[in-house]
Each structure stands twice: as C-alpha cells, then as structure tokens.
Amino acid sequence: SQTEWICWTLKVEIQPRGRKVSVSYLCNTQSSSTIGKTHCAASHSFLSLKPTKTCATSGRSGEKRFACPHCAKRFKCFSQLEIHERSHTGEKPFRCTLCGKMYAQKGHLYTHQRTHTGEKPYRCVHCGKGFIQKCTLDMHQRTHTGEKPFVCAKCGKGFTKKCNLNKHLAVHSDPFQCMFCEKNFSYLSYLKVHLRIHSGEKPFACPVCGKRFAQKTYLKIHMRTHSGERPYTCIECGRSFSQKSSLNIHLRRHTGEKPYTCVDCGKRYANKHGNIFQLHLCLTHL
C-alpha cells in the first residue's frame, strides 16, 4: 500500500505511585495504516510513558499528555495534574507547623507562613507599603496609577479586577427579565431565585434556630454563626471571615482601593454600605 504520514493516538493507563492516570500519546508514523497500528501497539508500552516530576516536553511541542480523570482538563506534566486533582479530592498535604492550617500547594503554604513571620517581600514603588503577595501589590499600585487592565470588549469600560469585569459582562447578555421590576438576569435559575424577593418565599430553614432563607447560599453562610467557621482568610494579616464579601472589603485596607465615589463631592470610599460612607452622606449632603 502507499506510504503516507499518519498521526496515531494511543490512549493507555499508567499507575505512578499506585494511582491510575489516563495518558494520550501522539505518534507520527510514516507508514501505511495497517503498519501504523501495529507500530503504535508494539512501540509505546507502559514503560515508555512513565511520568516524571519535571515538565519536560514530549515529541510535540506543548503537548498535554496527562488527562484529569475527573474533568476534561489536560496538562503537560504529571506534577501539574497532581496539583489540579486536589481541587477535586480536597486533599491538602501541606500543613503549617505554627497554626495547623492545611494547603493544597506548597507555594500557598510558604505565602501563608509570611503572616506568622511578618515578611512582606513585595514593595510599592510609589509609597513603599509592603505586601505578602504580588497580586495584592498589583491591585494596590492601581490606586496610584489609575490603571484598569480588564476592559469590556463590548462597551470599553475598564476595571481594576477581572472578577468585576465578569460581573459587568452580565449587563450585555441578560435575556431573562423579572415581570415585577424588569430586572434582567443571565440565567433562568437566577431569575427564579430573584422572584422569591417579590413572593417572600423562603424555602431553606436553619435546623438550629429555625430562621428561614430565600437562598441555600444564605443558609450556608448563616450556619457559620452557629459553628464559628471562618473559611475566608486574609493572606496579608491572617484575619478570618465567615463571608467572602467581608474578606474582599477587608482587603481594601491593605490595597488602599476605594471603588465607591460620592456623587455629590467625589470623595471615595472602600465600602458602599459602611458606616463612614453613610455618615458622610447624612452629615454632608442632607
């Protein structure tokens, strides 16, 4: 038969350290289709696919050989897959010897330990303020430069954080409208939850005190008042919070970010619902 270039994909299973992992091995073989199948089956055995801790490239540049057995994500090296799988298993093998807090990645543990040592290796070039993480420094420096690197492709509005851009994008694509207040939503499920504001429905009850909530998320947050759980920790100072929104507001003390502006005088504030902002509105502009 005629000789041609054929790319064969051989999917095998390997078991590094007793764990089963699927690997797709890509092979370019100059042969007929029949010989190509025989070559792949004979040449690419378990031993030739043994993973290493390094991210050495394979025959194809950028090839992602290691597939997550839980989702569709793929990785170039086995160590990346190991770290990713912890997002599914919840495994946190790295423990702080001072406070016992556990982490999925060694780098996250090192960053956390700076809350104990007081080390702040990242310095603002404008004011000299120190930070534990580079990402916190980057956010802080935007308070000096006014930089808004995350730009909406539809209207051109800029944002200092990617999460704020993602929230804004919903403005451009909200097909589901509330019949009572005409507020729009990206998904039907969001609209259904919103309608409970108008109906007063609160289907989720606290098993401890009986208080009822419109959303399961609100009940979960409320349960922390009984359990004392504070899962959101500031990496800069170690203070913990029961809600992520409280952590985000707290982080502005470190970054200096003040995203809320008084429409009357232009003065800026870190918290829209905070006492200082509300007091300013009452005493200054009423």
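Two residues are in contact here when heavy atoms of theirs lie within 4.5 Å. With that in hand, let's work through some exercises on this predicted model.

**Exercise 1. Which residues does Thr-255 touch, leaving out those up to four places away in sequence?**

Step 1: Thr-255 is found in helix H8.

Step 2: apply the contact rule. Thr-255 touches Phe-131, Thr-136, Met-139, His-140 and Thr-143.

Step 3: look at one C-alpha pair. Leu-137 is 118 residues from Thr-255 in sequence, yet their C-alpha atoms are 7.0 Å apart.

Step 4: check the burial. The cut-off for buried is under 20% relative accessible area. Thr-255 has 2%, so Thr-255 is buried.

**Exercise 2. Is Arg-224 buried or exposed, and what does Arg-224 touch?**

Step 1: find the helix. Arg-224 sits in helix H7, which covers residues 216–227.

Step 2: compare with the cut-off. The relative accessibility of Arg-224 is 10%, and therefore Arg-224 counts as buried.

Step 3: list the partners. Setting aside residues up to four places away in sequence, Arg-224 is in contact with Glu-229, Pro-231, Tyr-232, Ser-242 and Gln-243.

**Exercise 3. Which residues of H3 are buried, and which of H2?**

Step 1: take H3. Leu-109, Thr-111, His-112 and Arg-114 are its buried residues.

Step 2: find their packing partners. The buried residues of H3 pack against strand S5 (94–95), S6 and strand S7 (122–123).

Step 3: turn to H2. The buried residues in H2 are Phe-78, Ser-79, Leu-81, Glu-82, His-84, Glu-85 and Arg-86.

**Exercise 4. How many residues line the largest pocket, and which lie nearest its centre?**

Step 1: start with the volume. The largest pocket holds about 1,900 Å³ of space.

Step 2: count the lining. There are 49 lining residues, and Met-139, Lys-161, Cys-163, Asn-248 and Leu-251 lie nearest the centre of the pocket.

Step 3: pick out the top contributor. H8 supplies the largest share of the lining, seven residues.

**Exercise 5. Where does UniProt place the feature "domain: C2H2-type"?**

Step 1: read the record. The unreviewed UniProt entry gives this feature at residues 66–93, 94–121, 122–149, 150–177, 176–203, 204–231 and 232–259.

Step 2: examine two of the spans. Residues 176–203 are 43% helix and 14% strand, with end C-alpha atoms 22 Å apart. Residues 204–231 likewise come to 43% helix and 14% strand, and their end C-alpha atoms lie 22 Å apart.

Step 3: step back to the whole protein. Its secondary structure comprises nine helices and 18 strands, and 28% of its 286 residues count as buried.

Definitions and conventions: Residues are numbered from 1 along each chain as its sequence is written. This is a predicted model: local features need pLDDT of at least 70, side-chain atom pairs count only at pLDDT 80 or more; totals for chains, interfaces and linings use all residues. Side-chain values use heavy atoms; hydrogens and water are left out. Buried means under 20% relative accessible area, exposed over 50%, partly exposed in between (1.4 Å probe, protein chains only). Helices (H or I, at least four residues) and strands (E, at least two) are DSSP runs, numbered from the N terminus. UniProt positions are given in the numbering used here, feature names are shortened, and annotations may be inferred rather than shown by experiment. On a 1 Å grid over the protein atoms alone, a cavity is a set of points where a 1.4 Å probe fits but cannot get out, and a pocket is an open set with protein on both sides within 12 Å along at least five of seven lines; lining residues have an atom within 4 Å of a point. Grid points are joined across faces, edges and corners, and a volume is the space filled by probe spheres set on the points.
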